[in-house]
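Please look over the points below with the model open beside them.

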Amino acid sequence: NYRNDYAEVMSDKNFLPNIAEVSRCTMPEVLISRTMNLLRNSKGEVIDEKQAISILLKEKQVFCKPSTISYGGKGCFVFEPTDRDSIKNLMKSLGTDFVVQKILQCHPTISAIYPNAVNTFRVTTYRWKGKFYFMPIAMRLGRGGICVDNVTSGGLFIGVNNDGSLKREAMD
């Protein structure tokens with residue numbers, strides 16, 4: 001089925017930067033990635049394990065996630081590269097398909113709500129009979145020590161009023 005094949009390709013987090021680049025969308029910076037056991041750097045060039053370790057040793061913290069069969073923040077975590085052995089163990093534990101990205105920092109007003117995740121706004125737009133509309137805007141928040149804002153991983157969502165303020169209650 002064409003739609004299922006398309007959905008599978010679109011769900012691969014190693015493919016998303018290519019779509020973002022063509023669409024002129026900004027994505028978190030990829031430090032290293034692995035697809036079907038092939039390691040690459042931020043430019044998509046094939047690298048070896050030694051080069052990958054050198055790249056990660058320059059970072060204080062990185063955000064790791066599986067690139068396939070992944071949704072809802074499952075399998076995502078923050079890692080602190082301390083030495084070569086810790087990075088070797090990290091890459092082994094991540095398997096054959098993963099992404100390691102630079103850590104993003106939210107604006108201080110967003111981090112003040114919950115500092116351990118990149119809290120995001122979800123703005124869903126749609127086109128109907130030649131006109132564009134948007135659904136109610138929601139903000140997603142992490143909580144309880146998790147490093148993601150996904151509701152399926154324990155996060156919350158809260159509605160955003162038209163003036164940009166948040167609704168009174170968040171939901172899970």
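**Notes on the model**

1. The protein chain has an accessible surface of about 11,700 Å², and 54% of this belongs to carbon and sulfur atoms. Areas come from the Shrake-Rupley method with a 1.4 Å probe, and for residues only the protein chains shown count as cover.

2. This is a predicted model: local features need pLDDT of at least 70, side-chain atom pairs count only at pLDDT 80 or more, and totals for chains, interfaces and linings use all residues. Residues are numbered from 1 along each chain as its sequence is written, and side-chain values use heavy atoms, with hydrogens and water left out.

3. The protein chain has five helices and 11 strands (DSSP runs numbered from the N terminus: helices H or I, at least four residues; strands E, at least two). Along the principal axes, its C-alpha atoms fill a box of roughly 50 × 40 × 25 Å.

4. Of the 172 residues in the protein chain, 35% count as buried (under 20% relative accessible area, 1.4 Å probe, protein chains only). Among contacts (heavy atoms within 4.5 Å) with a separation of 6 or more, 46% are between residues 24 or more positions apart.

5. Which residues of helix α3 (residues 49–57) are buried? They are A52, I53 and L56. They lie on the same side of α3, because they cover an arc of only 100° around the axis (taken from the directions from the helix axis to the C-beta atoms). Their cover includes β1 (30–35), β2 (38–41), β3 (62–66), α4 (84–94) and β5 (98–102).

6. At the start of α3, the backbone nitrogen of K50 has a side-chain oxygen of D48 within 3.2 Å.

Technical notes: Buried means under 20% relative accessible area, exposed over 50%, partly exposed in between (1.4 Å probe, protein chains only). A polar contact is a pair of N or O atoms within 3.5 Å; within protein, one must be able to donate a hydrogen and the other to accept it, and residues adjacent in sequence count only if both atoms are side-chain atoms.
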